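Here is a walk through one protein chain, taken a region at a time. Keep the structure open and turn to each part as it comes up.

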Amino acid sequence: MHYNPNKIEKKWQKVWEKTGIYKAQDKVSGKENFYHLAMFPYPSGNLHIGHWYNFAPADVYARFKKMLGFNVMSPMGFDAFGLPAENAAIKRGIHPKTWTHENIIKMREQLKSMGNIYDWSREVVTCEPDYYKWTQWLFLQFYKNGLAYKAKVPANWCPSCKTVLANEQAEGGKCERCDSQVIQEEIEQWLFKISSYADELLKDIDNLDWPETTKIMQKNWIGRSEGWQIEFKIKNLKLKIPVFTTRADTLFGCTYIVVAPEHPILKNPNFKFQNPKFIDQYINESKKKTERERISEMQEKTGVELKGIKAINPANGREVPIFIADYVLMHYGTGAIMAVPAHDNRDFDFAKKYNLPVKMVICPNWPKTVCPILDKAYESEGYLVDSDKFDGTSSRDARERIGEWLEKQEKAERKVYYRLKDWLISRQRYWGAPIPMVFFFFFDWQPVSERELPVLLPDVNDYLPTGEGKSPLAKSKKFINTVCPKCGGPAQRETDTMDTFICSSWYYLRYADSSNKKEFASKQKLEAWLPVNMYIGGAEHSVMHLLYSRFFTKALNKMGLVDFSEPFASLRHQGIILGPDGQKMSKSRGNVVDPDEQVKKYGADAVRMYLCFMGPHNQGGPYNPNGLVGISRFLNRAWDLFENPKSEARNSKQIQNFEIQKLLNKTIKKVTEDIENFRFNTAVSALMILINELSQKTYKLDHGSMSTFLLLLAPFAPHMAEELWHSAGNKDSIHNQEWPRYDLKLIEEEKINLIVQINGKVRDKIEAPSGISEKEASDLVIGNEKIKKWLQGKEIKKIIFVPGKLINLVI
């Protein structure tokens, strides 16, 4: 029979759906639960090749775990609320609800065409009332536990999307959705107190099996700084300006201090500034800049002196001027810094521009007191100079000693500050979960009764953003007007909707019990499945989604709603797929690859395998449609080997071949280890080598060898493997079979090439027995004539031996 992937794939997809083979039971006797999860997509309208690159290799891993004997749950759903869907709908003149649901129908079918192991009975769609009822319920739990509050805060406003954005959504000063320049506005917003969990978020991340780069990104975003808060008195006034510093050792070099444009000192009536007009003008100008622009190293530093007041350096009693500058942020530390231009490049540039003193107090030379002339700040460690009794103290020790010295005088105290700010969750848009709060002038904001949830998002005709800082829901009197939950008096609903990241911060919990109408998930089912064993998705979510999900889990754990404190035990990122030209895919470049066309031409199994084969999973790279030709050829050869024997010799009596068995067992070991470590490309390569060898044999392969190959192929090409498995007379699905195990005796090499290094440099390769010991290897290498010349007259200080691979002689 000719290999017809489209026919075979549709056949088995129907069978799998009908039999419910991938429907996960909460408990299976003798099997350990394994929760496998790929990040769910936005219903953008089409499943692009980037989606496939996330979902296809991830599915290989899920199938592999199932065949290893785990009870695997691999669910799927849609992150359906939020700006992506709403902006796309508005652009096309379609209601967001209509656009979203039409896209979900299409994308669900596309996802099913991949032949993945998804348990669709657990599907969640975040814009459905049965889901966002529990999003709202969770909001109320956060509110009741003091983690949700409303405040007037500086916010990132996107003039195009006409809504507020979280800091994480305005990286680089631009909206992540439309790329418009973001401006700063003070708006009353709802926030979550993620800052209350900063220390836990920082401390616990080290225990996770996550990529180091992702851990570092989260650590940097949380930004823990430990140091001293030092008080600078204001000359002739009973007022002080507290500043936070991690470098108390440089205090004697402070020649001015700087306050943020939002600092309360600027509104204090006790201060009589001599230049109020210039100060006000500077404050207004700073409001036009984003936070990223203000702190950018590339931006020229600007500022205005607060003329008429001076601060007193507590270390030496000297007067120092006070400046306002927008490179200082009010939300970090105290909103004021002590400027030490000799030891901070940012302060150095500012001092040079405004002709301020540069006083060096950390010198690399000691006891020599001649310090280098600076053309830039000296930011390294050294010894204190011109610092009174602390002269000669190492800068590291001086940080503590100066802080403690000031602490005894009640001029300083130890402090820890975080860069992480509270999560701004209000959105002035229509397409989102309504915030379940009601305003009554006498009682202020009141939570909606849990019995009244969900607060339904009304179907409105006018869903366009207003641009006035209000949600389109503010136009609906039917939605706004309600009664106070506390007294029954006339009240108004909150019209802002929730950030879509709230929906995705808990969706992994709902999969455990997606049909539950009484609670967001039962404790029994949460305990059965959570935390997620393996989570797979893009590195672009390192700070936002992943950090928010960790915060949610920790908060729910503290409330007693879940019994774990981290959502994802293991995490892997896929790389980025580029166009065939090596550029980012875009319609304007004409380099977008449509996976539906590829599936139609080559079949889903071929597309799956090519995505696994094209390169390291965490790197991605250019997608070359021509590469599918090779994969298609491989699958056809495999099909031909099993279905169309070419010679009578193959139909003769089965012959056991020792060399084939050795190769087969080596392949089992290689593919097993590669899938476990997400090295899908080298696993596919091993299968290609195996099929090449098998195809060259002139006799019919034994049933066991053929079955083993199909089992190894099954995670990559599930449809073809299933068809060939059944054509061989098997009744049960191949995907219910055990993963093959290799025979250690058959994978051992009799001889190995032992790499010989001298001080880490390769000097020779020597043939040696496979099980050679360190002593035997040392004797063999030292006696080798080629190596003797490198060792002549030298002492071997250390021997590093890696069994079966190399020996390194350190001389």
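What follows moves from a sheet to a helix, then to a hairpin, a cysteine loop and the salt bridges.

The model is a predicted one. Begin with the open sheet. Four strands build it, in the order β2-β1-β22-β23, and the pairing is parallel. Its edges are β2 (71-73) and β23 (571-574), each of which pairs on one side only. Neighbouring strands are turned against each other by 20° on average, direction ignored.

Now look at how β22 is held. On one side, three bridges join β22 (residues 534-538) to β1 (residues 33-38), and the two strands run parallel. His36 has Met534 as its bridge partner in β22. Leu37 stands opposite Tyr535 of that strand. Four bridges join β22 to β23, again in parallel. There Tyr535 has Leu571 of β23 as its bridge partner.

Is β22 enclosed or open to the outside? Five of its five residues are buried, so the strand is largely enclosed by the rest of the structure. The cut-off behind that word is a relative accessible area under 20%. Helix α2 (residues 49-67) lies across β1, β2, β22 and β23. This helix runs at about 170° to β1.

Next comes helix α3 (residues 83-92). Which of its residues are buried? They are Leu83, Ala85, Glu86, Ala88 and Ala89. The cover over these buried residues includes α4 (96-113) and β4 (163-165). Just after α3 sits Gly93, with a positive phi of about 70°.

Turn to the hairpin. It is formed by β17 and β18, with three residues between them. The two strands pair in the antiparallel sense over four bridges. Val438 stands opposite Gln446 in β18. Phe441 is found in the loop between β17 (437-440) and β18 (444-447). Buried or exposed? Phe441 counts as exposed, because its relative accessibility is 68% and the cut-off for exposed is over 50%. Phe441 also belongs to a nonpolar surface patch. Phe439 and Phe442 make up the patch with it, and the area is about 390 Å².

Another loop holds a cysteine. Cys371 lies between β12 (362-363) and β13 (383-384). Its relative accessible area is 23%, so Cys371 is partly exposed. Leaving out residues up to four places away in sequence, Cys371 touches Met360, Cys363 and Val385. Phe244 sits elsewhere: Cys371 and Phe244 are 127 residues apart in sequence and 27 Å apart in space, C-alpha to C-alpha.

Finish with the charges. How many salt bridges does the structure hold? It holds 44. One of them joins the side chains of Lys558 and Glu200, at 3.0 Å from N to O. Lys558 lies in helix α16 (residues 544-558) and Glu200 in helix α6 (residues 198-204), so this pair ties together parts that are 358 residues apart in sequence. Lys558 is exposed, with a relative accessible area of 55%. Glu200 is partly exposed, at 25%.

A second salt bridge brings together the side chains of Arg414 and Glu404, at 3.4 Å from N to O. Arg414 belongs to strand β14 (residues 412-418) and Glu404 to helix α11 (residues 395-408), with the two residues 10 apart. Arg414 is partly exposed at 42% relative accessibility. Glu404 is partly exposed too, with a relative accessible area of 33%.

Lys669 and Glu673 both lie in α20 (residues 658-676), four residues apart, which is about one turn of the helix. Their closest N and O atoms are 2.9 Å apart. Lys669 counts as partly exposed at 26% relative accessibility, and Glu673 is partly exposed at 32%. Asp26, Asp119, Arg122, Asp513 and Lys525 are joined in it.

Notes
Residues numbered from 1 in each chain as written. Predicted model: local features only at pLDDT ≥ 70, side-chain atom pairs only at ≥ 80, totals over all residues. Heavy atoms only, no water. Patch = residues over 30% accessible without salt bridge, like charges linked within 9 Å, V, L, I, M, F, W, Y side chains within 5 Å. Areas by Shrake-Rupley, 256 points an atom, 1.4 Å probe, with all protein chains shown as cover. Salt bridge = Lys/Arg side-chain N within 4 Å of Asp/Glu carboxyl O. Buried < 20%, exposed > 50% of the residue type's maximum accessible area, 1.4 Å probe, protein only. Contact = heavy atoms within 4.5 Å. Pairing = 2+ DSSP bridges. Axes fitted to C-alpha atoms, helices over the stretch in contact; angles between N-to-C directions.
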